[in-house]
Amino acid sequence: TAPIDGIYHFDAKALLQNISPPVVHRMFIYKNGFGIAGDFSPMESGAVAATGSVAMDLPLTAGDTVWVEDGQDSGASDIRVSPYTSFTGRWVGRVS
């Protein structure tokens with residue numbers, strides 16, 4: 001949740017393991033319930049992991065909420081998120 005108005009930079013990276021190719025790895029950044037940026041990474045047969053990343057600068061008003069959702073469409077039920085997965089955000093500056 002944004003503590004003050006301004007421009008914020010967000011960066012999300014994920015590595016899904018134990019996938020069942022073919023698979024499409026999806027990662028989205030959401031603001032107040034709406035998807036605003038995303039990454040689709042198709043993986044071919046023989047792959048054992050799927051990666052994704054998305055980064056952006058985003059104007060926020062104090063109280064706006066931002067989060068990331070990560071998923072896949074392989075139908076595998078034993079997907080593991082790697083410790084290499086991260087989501088960070090920081091205030092860059094005021095909106096001019």
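**Salt bridges in a predicted model**

Author: Let's start with a lysine: K31 has a relative accessible area of 22%, so it counts as partly exposed. Keep in mind that this is a predicted model. The partner of K31 is D64, and their closest N and O atoms lie 3.9 Å apart, which makes the pair a salt bridge because the cut-off for such a pair is 4 Å. The two residues come from distant parts of the chain, 33 residues apart: K31 belongs to strand β2, while D64 sits in the loop between β4 (49-60) and β5. D64 itself is at 13% relative accessible area, so it is buried; the limit for that label is under 20%.

The other pair is D11 with K13, whose side chains meet in a salt bridge at 3.4 Å, N to O. D11 comes out as buried, since its relative accessible area is 19%. K13 is partly exposed, with a relative accessibility of 40%. With that, the count stands at two salt bridges. As for the reason such pairs turn up, side chains of opposite charge can pair when their charged atoms come close.

Now for the surroundings of K31. Its strand, β2, is part of an open sheet of three strands, ordered β3-β2-β5 and paired antiparallel. The edges are β3 (34-43) and β5 (66-72), each of which pairs on one side only. From one strand to the next, the twist averages 15°. Between β2 (residues 23-31) and β3 there are nine bridges, again in the antiparallel sense. If you want a landmark there, M27 has D39 in β3 as its bridge partner.

Stepping back, the protein has seven strands and zero helices. Of its 96 residues, 32% count as buried. Contacts between residues 24 or more positions apart make up 77% of those with a separation of 6 or more. The accessible surface is about 5,600 Å², and carbon and sulfur atoms hold 54% of that.

Last, a word on confidence. The mean pLDDT is 81, with 80% of the residues at 70 or more.

Technical notes:
Residues are numbered from 1 along each chain as its sequence is written. Side-chain values use heavy atoms; hydrogens and water are left out. Helices (H or I, at least four residues) and strands (E, at least two) are DSSP runs, numbered from the N terminus. Buried means under 20% relative accessible area, exposed over 50%, partly exposed in between (1.4 Å probe, protein chains only). Contact means heavy atoms within 4.5 Å. Accessible areas come from the Shrake-Rupley method with a 1.4 Å probe; for residues, only the protein chains shown count as cover. pLDDT is the predictor's confidence in each residue, from 0 to 100. Two strands pair if DSSP finds at least two bridges between them. Axes are lines fitted to C-alpha atoms, for helices over the stretch in contact, and angles run from 0 to 180 degrees between N-to-C directions.
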